[in-house]
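Please look over the sequence and the structure shown below before reading on.

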Amino acid sequence: MPDLPQHKPVLAGTVYSGISGAGIRLEALPEGHLLHVLGTIESAALAAELAKAGFTNSSIRKAGFRQWFVAGNEPLSPASLAALAAVLAGKAVVMDQSHGRVRIGISGRSSRLLLSKGTAIDLDPAVFPEGSSAMTMMGHISVQIVRTGDDSFELTVLRSFAESLWDELRHMAASAEKEGA
């Protein structure tokens, strides 16, 4: 039997392992799981159903009207996905997007300055507090931005655009570092 292709994280290796300056850190996050949930269920009820299915280390991000992304650092087994689909039956449907999207972490005191170079989203904490998410464009690339802390964000991008986005972020980071210094 021939060897099957092995999964390789799109931003793996030394070139894309992460960069860090005095005020910005870019990090390729683990390619664990990313599920797209659509349905009439509300966020609090979705969190309860995730707990029932054993998804205790996952976060919920609003992705649009009656849509959420459920993200986590650990890969899912087919049984875990089936258990979640079973508890959501009749309330929502779940689609595994883990293979098609990549998460990038951005943190540091200049993180908002970096992101402001690529998007029109107002990232002021009073307007976009921790836990907020928005679908937007970074330049010409569609991303979801999630605020994960005071000066930390997570971008989710389609896999085929991940390297292009990473390169853009590196260039914007160099510029933001000069302005933030």
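Which residues of helix α1 (residues 43–52) are buried? They are L46, E49 and L50.

**The chain as a whole**
- The secondary structure consists of four helices and ten strands.
- Along the sequence, these elements follow the pattern β-β-β-α-β-β-α-β-β-α-β-β-β-α.
- The chain has 181 residues, and 41% of them are buried.
- Of the contacts between residues at least 6 apart in sequence, 67% join residues at least 24 apart.
- The accessible surface comes to about 9400 Å², and carbon and sulfur atoms account for 56% of that surface.

**Helix α1**
- The buried residues of α1 are L46, E49 and L50. They lie on the same side of α1 because they cover an arc of only 105° around the axis.
- On the face of α1 turned away from the buried side are the exposed residues A44 and K52.
- Just after α1, G54 adopts a positive phi of about 90°.

**Confidence of the prediction**
- The average pLDDT of the chain is 86, and 87% of the residues score at least 70.
- Among the elements of the chain, strand β9 (residues 141–149) has the highest mean pLDDT, 96, whereas strand β1 (residues 19–20) has the lowest, 57.
- Over residues 13–18 the pLDDT is below 50. In the model, this stretch has twelve contacts beyond near neighbours in sequence.
- Where pLDDT is low, the predicted coordinates should not be read in detail.

**The largest cavity**
- A search of the whole structure finds one cavity of 30 Å³ or more.
- The largest cavity holds about 70 Å³ of space.
- Its lining is formed by L29, P30, E31, G32, H33, L34, S98, R101, V102 and R103.
- Strands β3 and β7 (101–107) are the elements that give two or more residues to this lining.
- Strand β7 provides the largest share of the lining, with three residues.

Conventions:
Residues numbered from 1 in each chain as written. Predicted model: local features only at pLDDT ≥ 70, side-chain atom pairs only at ≥ 80, totals over all residues. Heavy atoms only, no water. Buried < 20%, exposed > 50% of the residue type's maximum accessible area, 1.4 Å probe, protein only. Contact = heavy atoms within 4.5 Å. Areas by Shrake-Rupley, 256 points an atom, 1.4 Å probe, with all protein chains shown as cover. Arc of directions from axis to C-beta. pLDDT = per-residue confidence, 0-100. 1 Å grid on protein atoms, 1.4 Å probe; cavity = no way out; pocket = protein on both sides within 12 Å on 5 of 7 lines; lining within 4 Å. Points joined across faces, edges and corners; volume = space filled by probe spheres on them.
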